[in-house]
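Please walk me through this structure.

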Amino acid sequence: MSDVFVLVGVVVALVLAASVLKLHPFAALLLAALFGGMAFGLPLLDDGDTLGLVSVITTGFGATLGSIGLVIILGTVIGVILDKSGAAITMADWIVRRIGQRYPTVTMTVIGYIVSIPVFCDSGYVILNSLKESMATRNRVSPVAMSVALATGLFATHTLVPPTPGPIAAAGNLGLSDQLGLVIAVGLPLAVVAAIAGNLWARRFRDVQPDGIAAEDVEERIAAFGRLRDELGTLPGATASFAPIFVPLLLIMLGSIAAYPTEPLGDNVVVDALRFVGQPVIALLVGLVCALTLLPRAGFMDRLNERISDGILAAAPILLITGAGGAFGAVIKATPVGTYLGEQLSGLGIGVFVPFLIAAALKTAQGSSTVALVTTSVLVAPLLGELGLDSDFGRVLVVMAIGAGAMVVSHANDSYFWVVSQFSRMSVKQAYAAQTAATALQGLATIAVVFVLSLFV
């Protein structure tokens, strides 16, 4: 029982350090692992087969990055190339032509849903802001409704669908590194549920105009991205733009089907090839090769190296947070607190609501969906058996429940809240009513579906 109080104290300290003291999540998680291990009474030094505290931390850090680090880096580099090449604009234009302008909020939601699979929702919103503004003007639709539709479409896949780093890290921490195809297969339709919920809320603001004033630097960024299309000249084609996203997703899902224990595709050379290319690292390498067609031929190597550098810089904080989360999780796994909590919580019969509530508390307290995904996944990993969710599909549902919690809610301590509100020229009060409420609805709608699915596990 005393270990539970230690865990609660460590988690509270972790949240306060990240949200109140503004300590970087990497440092907060690493310190939580170190001081938490001491408070739990773990041995400080190695003793025979028993690992000391430092060994537990370094082993957890290395094991986590070893299983998922390359996937995060490759996914981020692909996202940077899509961002800088104008491919995201091409994808948006293609969807607008197919759906038409009769349903502008639906169009924005679909665009956001697709673009945010490889691109961070913050970047995706900035990239697509000019398109959103022009569509709102052209169709005489409220910019507030269009902003919420785009923001929630982006947010849905950002928290639920790999290769976005948050869901990838959560899947890795829950032992699903080799089952990302299953995570994607479940995450895509659940993200549709979240996107629909956000879109329905956005429609409430069809006749509402933004009441805030954007800062001058925000206006300049909007103008800068408005000039991006002109600076790029001829945009890449639709096939080349979509390929870096959908080719890896298809390969990962085919690889998961081929590797399924019942051998639905048989046992032959073709199946072995599918299993090889379906491994996330290989699939994303193929996606990166597809993305190379988006780079200009003039100065190809210089531009490629620049994009790789940008991607590594963008991935570095995620890698550090993910590794520190793995270290924290390793410390918790080395104690009996996980088994005790699992036994107690399983008796409450709330199953997938446990990871949902933990993620929601972390997200609301410290603002980052990625941190909520990583931290919650390491906290609940020892509880899966007691919660009855230790099968592959059960673990996938836990990732989805954590993703749902990581949506609840985006408010003033979340950078995405300020990106959406400032670029949309909404006041803080209006942004709370529009964006924050929408993210709450998204999370609740998603966990409701996850709960129904969990009844069949």
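A contact means heavy atoms within 4.5 Å. Phe300 lies in helix 14. Helices here are DSSP runs of H or I with at least four residues, strands are runs of E with at least two, and both are numbered from the N terminus. Phe300 counts as partly exposed because its relative accessibility is 26%. The cut-offs are these: buried is under 20% relative accessible area, exposed is over 50%, and partly exposed lies in between, with a 1.4 Å probe and protein chains only.

A word on the source. This is a predicted model, in which local features need pLDDT of at least 70, side-chain atom pairs count only at pLDDT 80 or more, and totals for chains, interfaces and linings use all residues. Residues are numbered from 1 along each chain as its sequence is written, and side-chain values use heavy atoms, with hydrogens and water left out.

How confident is the predictor? pLDDT is its confidence in each residue, on a scale from 0 to 100. The protein has a mean pLDDT of 82, and 88% of its residues reach 70 or more. Residues 213-218 have a pLDDT below 50, and this stretch makes eight contacts in the model beyond near neighbours in sequence. Where pLDDT is low, the predicted coordinates should not be read in detail.

Now the whole chain. The protein has 21 helices and zero strands. Of its 457 residues, 55% count as buried. Take the contacts between residues at least 6 apart in sequence: 81% of them join residues at least 24 apart. The protein exposes about 18,500 Å², and carbon and sulfur atoms supply 65% of that area. Accessible areas come from the Shrake-Rupley method with a 1.4 Å probe; for residues, only the protein chains shown count as cover.

Which residues make the nonpolar surface patch? They are Val8, Val12, Leu16, Val20, Leu21, Leu23, Leu31, Phe35, Met38, Leu44 and Leu45, and the patch covers about 1,100 Å². Patches are made of residues with over 30% relative accessible area and no salt bridge; like charges are joined within 9 Å, and nonpolar side chains (Val, Leu, Ile, Met, Phe, Trp, Tyr) within 5 Å. Helix 1 (2-19) and helix 2 (25-40) each supply at least two of the patch residues. Leu16 sits in helix 1. Its relative accessible area is 44%, so Leu16 is partly exposed.

Next come the charges. Side chains of opposite charge can pair when their charged atoms come close. A salt bridge is a side-chain nitrogen of Lys or Arg within 4 Å of a carboxyl oxygen of Asp or Glu. By this rule there are two salt bridges. One joins Arg307 to Glu306, at 3.3 Å from N to O. The other joins Arg307 to Asp310, with the closest N and O atoms 3.8 Å apart. Asp310 and Arg307 both lie in helix 14 (residues 300-333), three residues apart, about one turn of the helix. Is Arg307 buried or exposed? Arg307 is buried, at 9% relative accessible area. Glu306 is partly exposed at 39%, and Asp310 is partly exposed at 26%.

Last, the rings. A pair of aromatic rings is described by the distance of the centres and the angle of the planes. Rings of Phe, Tyr and Trp (its six-membered ring) pair if their centres lie within 6.5 Å; planes under 30 degrees apart are stacked, over 60 edge-to-face, and the rest tilted. The count comes to seven aromatic pairs. Trp94 and Phe242 have ring centres 5.3 Å apart and planes at 70°, so their pair is edge-to-face. Trp94 lies in helix 4 (residues 87-99) and Phe242 in helix 11 (residues 238-258), so the pair ties together parts 148 residues apart in sequence. Phe242 and Phe246 form a tilted pair, 5.9 Å centre to centre with 40° between the planes. These two are four residues apart in helix 11, so about one helical turn separates them. Phe242 is buried at 12% relative accessible area, whereas Trp94 is partly exposed at 29% and Phe246 is partly exposed at 38%. Trp94, Phe242 and Phe246 form one aromatic cluster.

Definitions and conventions
pLDDT is the predictor's confidence in each residue, from 0 to 100.
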